[in-house]
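The sequence and the structure are shown first.

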Amino acid sequence: RALPADYAATIEAMLPSLSADRLDLAVKLADIPSSIRGFGHVKLRNLREAKRREAAVAERLGVVPVVSEVVGEALARAASSGAARSGMPVGSHRA
């Protein structure tokens with residue numbers, strides 16, 4: 001649920017430096033959230049990849065992407081558990 005706020009804050013941070021010659025990068029940055037799809041471990045894997053791409057594009061734009069505490073914690077938990085890499089589901093499921 002924190003992802004839309006992070007996205008909006010990152011776009012806001014980019015706007016002051018936006019220019020015609022940087023428009024292609026700005027469009028790439030703005031499109032990154034559309035790749036965060038799926039549920040459970042699939043969504044988490046897509047989120048990790050999206051955040052990696054976001055950091056690379058944002059760096060080229062001279063912007064620090066906003067990553068809220070809750071999103072950062074989820075990414076850290078996934079990285080430490082290896083769940084996103086192994087394909088194991090993240091979270092608990094009840095029968």
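Which residues have the most contacts inside the largest nonpolar core, and how many residues does this core have? The core has 18 residues, and Met-14, Leu-29, Val-57 and Leu-61 are those with the most contacts inside it. Two or more of its residues come from each of the elements α1 (3-14), α2 (23-31), α3 and α4. Helix α3 gives the largest share of this core, with 6 residues.

**Overall architecture**

The model is predicted. The chain contains 5 helices and 0 strands, and its elements follow the order α-α-α-α-α from the N terminus on. Of the 95 residues in the chain, 27% are buried. Among contacts with a separation of 6 or more, 64% are between residues 24 or more positions apart.

**Contacts around the core**

Leu-29 illustrates how the core is joined to its surroundings. Not counting residues up to four places away in sequence, Leu-29 touches Tyr-7, Thr-10, Ile-11, Met-14, Glu-54, Val-57, Ala-58 and Leu-61. Among these partners are Met-14, Val-57 and Leu-61, which are also listed with Leu-29 as the core residues with the most contacts.

Leaving aside neighbours within four places in sequence, Thr-10 is in contact with Leu-29, Glu-54, Val-63, Pro-65 and Val-66.

Is Ala-9 buried or partly exposed? Because its relative accessibility is 30%, Ala-9 counts as partly exposed. Ala-9 and Val-66 lie 57 residues apart in sequence, with a C-alpha to C-alpha distance of 6.3 Å.

**The largest pocket**

The largest pocket holds about 380 Å³ of space. Its lining consists of 15 residues, of which Leu-44, Leu-47, Val-70, Ala-74 and Arg-77 are the closest to the pocket centre. The elements that give two or more residues to the lining are α3 (40-61) and α4 (69-81). Helix α4 supplies the largest share, 6 residues. By class, the lining has 10 nonpolar, 2 polar and 3 charged residues.

Leu-75 is located in helix α4. With a relative accessibility of 16%, Leu-75 lies under the 20% limit and so counts as buried. When neighbours within four places in sequence are left aside, Leu-75 is in contact with Leu-44, Leu-47, Arg-48 and Lys-51. Two of these partners, Leu-44 and Leu-47, are among the lining residues closest to the centre of the largest pocket. Between Leu-75 and Lys-51, which are 24 residues apart along the chain, the C-alpha atoms are separated by 9.4 Å.

**Accessibility of selected residues**

The table gathers the relative accessibility of the individual residues discussed above.

| Residue | Relative accessibility | Class |
|---|---|---|
| Ala-9 | 30% | partly exposed |
| Leu-75 | 16% | buried |

In summary, the predicted model has 5 helices, with a largest nonpolar core of 18 residues and a largest pocket of about 380 Å³. Helix α3 gives the largest share of the core, whereas helix α4 gives the largest share of the pocket lining.

Key: Residues are numbered from 1 along each chain as its sequence is written. This is a predicted model: local features need pLDDT of at least 70, side-chain atom pairs count only at pLDDT 80 or more; totals for chains, interfaces and linings use all residues. Side-chain values use heavy atoms; hydrogens and water are left out. Helices (H or I, at least four residues) and strands (E, at least two) are DSSP runs, numbered from the N terminus. Buried means under 20% relative accessible area, exposed over 50%, partly exposed in between (1.4 Å probe, protein chains only). Contact means heavy atoms within 4.5 Å. On a 1 Å grid over the protein atoms alone, a cavity is a set of points where a 1.4 Å probe fits but cannot get out, and a pocket is an open set with protein on both sides within 12 Å along at least five of seven lines; lining residues have an atom within 4 Å of a point. Grid points are joined across faces, edges and corners, and a volume is the space filled by probe spheres set on the points. Ala, Val, Leu, Ile, Met, Phe, Trp, Tyr, Cys and Pro count as nonpolar, Asp, Glu, Lys and Arg as charged, and the others, Gly among them, as polar. A nonpolar core is a set of buried Ala, Val, Leu, Ile, Met, Phe, Trp, Tyr and Cys residues joined through side-chain atoms within 4.5 Å.
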